[in-house]
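Me: I have a fold open on my screen and would like to learn how to read it. Could you walk me through a few features?

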Amino acid sequence: MTDAPALPQGSISLQTIAMPADTNWNGDIFGGWLVSQMDLAGAVAARRRAHGRITTIAIDSMVFHQPVRIGDVVSCYTEITRVGRTSMQIRITAWETADPCN
């Protein structure tokens, strides 16, 4: 397993705020919510490159390094790592910025 990079890499494709409705029983944000935001960010990057309709075919891996909390700003960064004739591979990383009020 590799550690997360020290700084975000790629282009910012999506930024949103984690809200109370997105929490699990521990008060942390659902992992599925975060995966959904990352999928949307990947779609933004893929659509820019494809200039048309796209779809997610697979997610190869996911590693959660720390929980996201209510009020955190989640920023998703994308890098297109491979482009084929009918497909592309995109690396997506999500970073959170803690709510400065907490």
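Me: In what order do the three strands form the open sheet?

Reply: In general, strands of a sheet pair through backbone hydrogen bonds, either parallel or antiparallel. This is a predicted model, where local features need pLDDT of at least 70, side-chain atom pairs count only at pLDDT 80 or more, and totals for chains, interfaces and linings use all residues. Residues are numbered from 1 along each chain as its sequence is written, and side-chain values use heavy atoms, leaving out hydrogens and water. Here the order is 1-2-3, with antiparallel pairing. Strands are DSSP runs of E, at least two residues, numbered from the N terminus, and helices are runs of H or I, at least four; two strands pair if DSSP finds at least two bridges between them. Strand 1 (11-17) and strand 3 (88-97) are the edges, each pairing on one side only.

Me: How many bridges join strand 2 to strand 3?

Reply: There are 10, with strand 2 covering residues 73-83. For one of them, find Glu79, whose bridge partner in strand 3 is Arg91.

Me: Is Asp28 buried or exposed?

Reply: Buried means under 20% relative accessible area, exposed over 50%, and partly exposed in between (1.4 Å probe, protein chains only). Asp28 counts as buried because its relative accessibility is 18%. Asp28 sits in the loop between strand 1 and helix 1.

Me: Which side chain does the side chain of Asp28 join in a polar contact?

Reply: A polar contact is a pair of N or O atoms within 3.5 Å; within protein, one must be able to donate a hydrogen and the other to accept it, and residues adjacent in sequence count only if both atoms are side-chain atoms. The partner is Arg69, at 2.5 Å.
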